[in-house]
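Subject: Handing over a structure

Dear colleague,

Please find the structure below, with my notes on what was found in it after that.

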Number of protein chains: 2
Amino acid sequence: MFSETELLAVFRALSNPARRQMLVWLKDPMSFPGQEPADVEIGVCVSDIQQRAGLGQSTTSQYLAILRQAGLVVATRRGKWTYYRRDEANIARLLETLGDVF
Amino acid sequence: MFSETELLAVFRALSNPARRQMLVWLKDPMSFPGQEPADVEIGVCVSDIQQRAGLGQSTTSQYLAILRQAGLVVATRRGKWTYYRRDEANIARLLETLGDVF
DNA sequence: TCGTCATATCGAGAATTGCCAATATGTGAT
DNA sequence: ATCACATATTGGCAATTCTCGATATGACGA
């Protein structure tokens, strides 16, 4: 399932309200201004997330990297933009594990 | 359901392997040496948990307090001992919330 | 190639966490 | 009242996290 190390990364990632917020926001990419229906599959770019979070650019980038390392989102680089979207399969697997473990 | 503040407390509590371990251990109180069947309902005392965790007494006490404040365990004082057991109802409610939110 | 834009990484200071030893508090036995 | 015991709280130091501004990287257009 999820190793101890992976669970640690997940809980650390989610123990920050801004990062948890981002994960929830990404459930509905269309809620970001200027998001086209065609972009939904690839995700939302960093600057859009940053704007909504009200954090610095570097902080936003780092937080997304933390979510990615925890396996909660996946990143896709296209041109100069990096798009982030939820890793739904892994999140489902995680919730299943949590139900087993706790 | 769970407020933002409550979720923060939960994730912070679980973002420590020792605390997560304790919560899992408490699923099976009988696995603690010297635990009587009659004690299962009330929980496990701090020193038994401490011994198993290999942490200091104060650290163990603090960690259990953090789990309690997060609503994951309940404490019962009986004589000079404090027994801790899982708050199963609240944990179930939490897992439900997690399924909704994430 | 140069400039610009989006993102990533680095460096740093303030705040928080991890964990301990020491001490305080509360309880039961004598 | 006093002692011993279980637990809680306090004080502290090292390690980590939070968050930023500054800088580096990488991609596109002129």
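Helices (H or I, at least four residues) and strands (E, at least two) are DSSP runs, numbered from the N terminus. This is a predicted model, in which local features need pLDDT of at least 70 and side-chain atom pairs count only at pLDDT 80 or more, while totals for chains, interfaces and linings use all residues. Residues are numbered from 1 along each chain as its sequence is written, and chains are lettered from A and ligands numbered from 1 in the order in which they are written.

A residue is near a strand of it if its C-beta atom, placed from the backbone, lies within 6 Å. There are 24 residues around DNA strand D, and those that come nearest are Gly56(A), Ser58(A), Cys45(B), Ser47(B) and Ser58(B). Two or more residues each are given to this surface by helix H4 (57–69) of chain A and by H3, H4 and strand S3 (81–86) of chain B, and H4(B) gives the most, with six residues. By class, the surface near DNA strand D has eight nonpolar, 13 polar and three charged residues, where Ala, Val, Leu, Ile, Met, Phe, Trp, Tyr, Cys and Pro count as nonpolar, Asp, Glu, Lys and Arg as charged, and the others, Gly among them, as polar.

Next comes helix H2 (residues 17–25) of chain B, in which Arg19(B), Arg20(B) and Met22(B) are buried (20 or more other C-beta atoms within 10 Å of their own; exposed means 12 or fewer, and partly exposed lies in between). Seen down the axis of H2(B), these buried residues fall within an arc of 155° (taken from the directions from the helix axis to the C-beta atoms), so they line one face of the helix. The face turned away from the buried side of H2(B) carries the exposed residues Ala18(B) and Val24(B). The buried residues of H2(B) pack against helix H1 (4–14), helix H3 (46–53) and helix H4 (57–69) of chain B, contact being counted when C-beta atoms, placed from the backbone, lie within 7 Å.

The contact between the chains takes 15 residues from chain A and 15 residues from chain B. On the side of chain B that touches chain A, H1, H2 and helix H5 (88–101) of chain B each supply at least two residues, and that side has eleven nonpolar, two polar and two charged residues.

With best wishes

Notes:
Contact = placed C-beta atoms within 7 Å.
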